[in-house]
Each structure stands twice: as structure tokens, then as C-alpha cells.
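The following note sets out numbered remarks on the model displayed below. Please read each remark alongside the structure.

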2 protein chains.
Amino acid sequence: MPPELDPMLFGEIDPPQRLLMGPGPVNAHPRVLRAMSADLLGQFDPEMTGYMNQVMALYRPIFGTTNQWTMLVDGTARAGIEAALVSMVAPGDVVLVVNFGRFGLLLTEILGRIGAVIETVEAPWGEVVPFDAIEAAIHRCHPKLVATIHGDTSTTMAQPLEGFGELCRAAGALSYVDATATIGGMEIAADRWGVDVVTGGLQKCLGGPSGSAPITISDRAAQHIGKRRHVEQGIRRDDITDGVGPRIGSNYFDLAMIMDYWSEKRLNHHTEATSMLYAARECARVVLGEGLDATFARHAKSGAAMTAGLRAMGLTVFGDDRYRMTNVTGVYIPDSVDGEAVRTAMRDLFEIEIGTAFGPLQGRIWRLGAMGYNAAKHKVLLTLAALEACLRMQGFALPLGAAVPAALEAWGQ
Amino acid sequence: MPPELDPMLFGEIDPPQRLLMGPGPVNAHPRVLRAMSADLLGQFDPEMTGYMNQVMALYRPIFGTTNQWTMLVDGTARAGIEAALVSMVAPGDVVLVVNFGRFGLLLTEILGRIGAVIETVEAPWGEVVPFDAIEAAIHRCHPKLVATIHGDTSTTMAQPLEGFGELCRAAGALSYVDATATIGGMEIAADRWGVDVVTGGLQKCLGGPSGSAPITISDRAAQHIGKRRHVEQGIRRDDITDGVGPRIGSNYFDLAMIMDYWSEKRLNHHTEATSMLYAARECARVVLGEGLDATFARHAKSGAAMTAGLRAMGLTVFGDDRYRMTNVTGVYIPDSVDGEAVRTAMRDLFEIEIGTAFGPLQGRIWRLGAMGYNAAKHKVLLTLAALEACLRMQGFALPLGAAVPAALEAWGQ
């Protein structure tokens, strides 16, 4: 066996101390990492169910909601998306996807597997979908569900969502928003937007590891999903009856059963991922402890500083300025520069990761994030100073020493 | 807001120090808990993909295989089961489930949602399915897949699997085994059994938290699954083509895409749950460091000691003695005793959790586990001593002081 594949030679976990300034995942808050070291509990121990109830309470303000059904799906952010869609959508249902990037495409990919009839209303990468286009599409296709992304990191655009849920409700449709890339960094206002289901992830602005997907579900959506309840034969009880709607196409992602698990019924489903629940709980405590408005302002200042610094270097920022996410910035790779060589130099010399891009933007832009624990002045400044040095070493002519002062000014001091 | 629901009042994570001697989850090994405190890495950083390759190498001996495709599904053990089934089975495929407990029923529940034609061959709870019954069922229904459970904690039975995979192959069927409750505690011999896909979980004999599902996939099964590959539109590349088979019904659980993610292609799928990967890696290092044979022997001695102690108290052990799992023991609740009162006293007085039961066994048996980090002499003895005291306080007449010496003798010293 070659030595690099001999398990007995693998040492203790010891990753390099790297600053992750890409589109996520980012470095987790040390408090979150430490919370995962707490010992486990039995899944129905009163302290464990107590922690589950606390998580429900902690994520309501983060989602901007009073929804009872605010909890976790045990998987990465993508698991939350699939749980939402497979539980709301039955085969043959018409679903309208508001698509302006890779993650809008992902919604269509997941919906295709569910057997939905997919309609889309689109914007080019780097723009958002105008409200009246959404309205027209709804009236054209009469969807049962309208699904979109809040912030699509593939394009760095944030879709405006004021009035979105109301528009859907008025047309008799449910609504869904994936907020993985914005939750904890930009305001999520599930109730004010009138959105039925919103999902997220920990690994971006919440400053945790990937692997747990917070979700909130309106009473209206919970009722819709409850009609599709189908309790497993091995754990049937007299006090829980099946619904009349079509059975949900996944067992693991069956939100009707997951709600029963998180309810006082405590109907067994999966074994809750306890360490990830501890992480999710601590992510929320960090954010609420700082205060949501303060957290959002910190992300906005970080994004403004990053953008100002990049522009001061003579680089061109990607996308419609009015709708850019505050926590990730796309910037064109100059024609004369090898984008991957710069990323490698950033990593090898400075232990800083910046992001590449997907699909039509691959090789055209870098993506620089400042999220969660990394949405901090010194980390933005370090990133800009390092990038300036790497660009210079690549022979790119730029005004030396301009980025850091410009970023500081944009930060507001 | 009532104080118990005010997020600002929730303190640091601080669970009670409880000994989890039920059917799992159990206390995680402290090394595993500490490994999760390591900082995160970008998902395509060379050190991260290096750790992914190490995890593949570490789990091969644990599964008893040389399969290239040995990796993690990001979710609880149930996620691994669903990923295996939805990726192998297309709607309309005949699947034979070898069912002898709650988790056999779970396989049928998941398969029903996939749209499989489900056939079963069954044993009463507390027994296993005879080999010739499986053989006859295969010849009766000509399945495309035969699926079963190795150790079903609901009944404490371990299905013998020598020759199981060969039998399926001879009939042209793929085979699947869920080994969640035995992996790391009893031998898993994927290659010797000739089984195509085996899945597990961390939270039992591997001594980790729930939330990551190790999986191994034979080349034959990988080829079958690869025919169903369907790359997402947002990340299509020229070097990866779609298969001709029916698209897999789930995006998150699409093992074709998950294999592409774990391959040198590194095709983006989910964002790997890094902290859980660190945990899975450390679980494997703990087990391989002790040595698999030594680990299995420790579980066998723990189970033998627990069983001997329970019998010395005058209790009756549940299930066919020839096929009982080594790491969890079912025992009848005496008629004169309130089972839940004993469990509560165990928890409140001794901070020890023992398990209740499901379905037809609910209220009839307790389940006592000794798994992973808790498969230790002193923990078995503490559990028996505490149970003796609690039974005595419930007024149950038993030979005082007999359990601990009997357990010690069974331990072998």
C-alpha cells in the first residue's frame, strides 16, 4: 500500500490555519467549534429535547418569523432545500422557479427529480428578476409553488423579496426561499415577506460548519405538508394519523415526520445529529448575542470595504451594484492575469482562500467573501493587502498602496 | 415571552454528564469530540481533499472491503440508507427485503416512496431469517436488489450474512446491507459476504456523533449507479457525460454525483460537512488504532458480561441466543415492575440511560447497549449495579449482589 493510503500512518487532525475569504464555507467561530466538543445525550433525554426547543426559539428571530415550525434538517444546506421542495411539491405540480444563477438552476434540478412541472422566470447572471416579471409569470403559469434563492453566491446577487410571499399567496401559491448564503448576514424577513418556507445553512454568515440546515415553515405550509403525513409502520401510534394527500417522495426529507419528531409527540425519525445541533445552537447564540442589526451592519461594512479596496486596485466589480449581496463580492480577473495562479499564490504565500466561479463565470471572476466570523475589518484588509501583492507579482500594473486606505474609508473610520 | 423560550436567556451548552447505555446514540470518544474543534477548510483545498481521501482509506478495512467507492453521505445513518436505495433502485424495480425488525420495515418504507415493487421475507421479532428462506424468496420473486439489516437494534438480532451477497449475485441481483448498529462493533465483511453496498453510522460502535453515514459501493454497483448519472446544469463539464439509465429520484442522495465529488474530478455537489468528516476520520482512527479484532472482542466481552449480569439478577434475556448482537441486549421488564419508572430512576439517580423499545416490544423489554467508547468493563458493571438498586427500590425481589460477579466472570477475569 502506498504510504499516503496507509490508514495507520494518518496522524491527528491538524488542518493549516487558513483564512477562508471565498463564497463559503468560511472559518467557524471558535465558540461554535468548542460547542461541538460537548458530550452527547440520548435523543429523547429531557435535556436533549430541551436543547431542540431552544434551537427552535433561537432560529425564529434569525428567520424573522414567529413560525412554530422552525428547526433543523440534518444535512448540508442542500438537504434543507430538498426537504422543503419534496415535502411541498407532489409529482405533476406546477412550480415556478425565479432563477438568476446556479442555485436557481439547482432548484430546477431537484424539482425535476420530484416530477414537478417546472416553469421559470429568469435573469442573466449578474442581475435579479424584476418583480413585475415574477408577477407576470405567476399569472401565466398558475403555480402551486414559487421558489427562489435570496442570495445566489454564484452571481453575488440578492433577489429583492419585499412583497414576494404576498404576491404568491394572492395567486394561491405557496412560496419558498433558499437563504443559505444570506442567513445571519442579511435580513431574512420570512413573516414580513409572507414567505411560507425558508431554509439556510450554517457555513456562511452564521459562522458554523456545513452539515445542518435551519428551516422555518409557516402554519399554512405545515398544514399542506401534514396532509401528506405517512407514519412508518415500525413506529405507528394511535394518536397520529396519516394524511390524505400523496405520500412525500422521501423518507429522510419528510417534513411531516420531522415536525412530529420536533413536536411534543417526539415521534422517532432519524437520530438527531447532536453535535451539529450544538453547533447550530451556538451559531444562533453568537449572532443574537451581537444583535441581528449589528451583525447585518458588520457584513455590510465588510462588503463595502472589500468592494472599495478592489476598485481602488483598478479591478472591475461584477454584477448590478444595486442588488449585490453584502457578504460576497465578484470581481473580474484582469485579462493579463492567470486567475488560478493568483488563487494559488494567495493560498501558498498568505494562507488565504478566495473563490473561483461556476458555469458562465468560471475563469472570468473571483469571488471574495467576508462572512460570519470572517466579516471583520482586519480580515478584509489582510485579504486586500495580500491580493495586491499577488497581482503585482503576476505583473499586473496597479496603484500600489491604494486598496487598504480605500477599504478603511469605506468601512467608515 | 416565557423565560424558557427567550433566546437571550439560553446559556452555554452544558449537557449533564450522562452514561448512555441504550441502543445508541452513545457517548462519543473524547478524541472524536476534540477532532470536531479543528478549524474548517475550503472544500477544494488540497488539505481538505487529502482528508477526504484519507477517510476513504480508513473506512475500507472497517467495511472489510477494497472498494474504491468508500466514503461518507452527509446526514444521519438513515441518510446513508436512503442514498443507497434511491441510487440503486428505479421505480418499478422488484426489491426483496429481508425483514426481521423495525429497520427492515424502514427499508420497505423508503422503497415504497421510491416506487419499488416490494417483496419481503420475514422473521418474527427476536429471530433472524433462515438462509434457505432468503434463497427461496429470491427464486420466487427475481429481485433486482435484495436489501437487509445486519444488526437490527429494535430486536437485538444480527442476521448472518456469510454467502448472502454470493446468493444474490448468482440470481443476478444487487445486494444491500445496513450495518448502522454493528459497524465498528461486529465484523463487517463486505467483500467476503459479496455484498454490493453497505452503509453505517457513527453513533453506535464507532463512538461518534450521529450525522455522517459511511458507505461502501462495489465496482459493480458503482457501474449500475453511474448509468443513472445526471450532472446538474449549473456545473456541467465536457469531461463528464450523463448516463442512459433513469435519473436518480433525489439530488442530495445521488450517489453518482457524490462519487464524482469524492473522485479526482471533484465535481461540486453539496458542501462537505467538514466537522462531521473530521469526526468520522477520528472514529476510524480510534477503531483501527485499537485493532478491529480487539474492538470486536471488547464488544463481545461487554455484551457477554451485560447478559450474564442481567441473568444473574433473575431477568430473562430477549431473543434467539444464537443470533443476538454483541453490543445491545434486550431484557424482559418483569411483570411486577413499571419499566419507565426504572428508566427514570436510572437517569435521575445514576445519570445512566437505558433504552425502551419500539412497536410490538414497546413496554415489554428494555434494551441495554455497550457500544463504542461505552463497551468497557467498568461501564457495564456500573450499569448492572445501578439497575440492581433501581429494581430493588421498585420492590422487585432479586438475588442481591449477584450481577456484578457474574458479569466479571463472563468478562473473563
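1. In strand 10 of chain A, T216(A) is the bridge partner of V198(A). Strand 9 (residues 197–199) and strand 10 (residues 213–217) of chain A are antiparallel, joined over three bridges. Strands are DSSP runs of E of at least two residues, helices are runs of H or I of at least four, and both are numbered from the N terminus; two strands pair if DSSP finds at least two bridges between them.

2. This is a predicted model, in which local features need pLDDT of at least 70 and side-chain atom pairs pLDDT 80 or more, while totals for chains, interfaces and linings use all residues. Residues are numbered from 1 along each chain as written, with chains lettered from A and ligands numbered from 1 in the order written.

3. Chain A holds an open sheet of seven strands with mixed pairing, in the order 2-10-9-8-5-3-4. Its edges are strand 2 (69–73) and strand 4 (117–122), each pairing on one side only.

4. Chain B superposes on chain A by a rotation of 180° with 0.0 Å of shift along the axis (RMSD 0.0 Å), fitted by least squares on C-alpha atoms of residues with pLDDT of at least 70 in both copies. That is the relation of a two-fold axis. In chain B, the C-alpha of G75(B) is nearest the axis, 2.3 Å from it.

5. Contact (C-beta atoms, placed from the backbone, within 7 Å) links 74 residues of chain B with 74 residues of chain A. On the chain B side, helix 10 (274–290) is among the contributing elements and gives the most, with nine residues.

Definitions and conventions. Contact = placed C-beta atoms within 7 Å.
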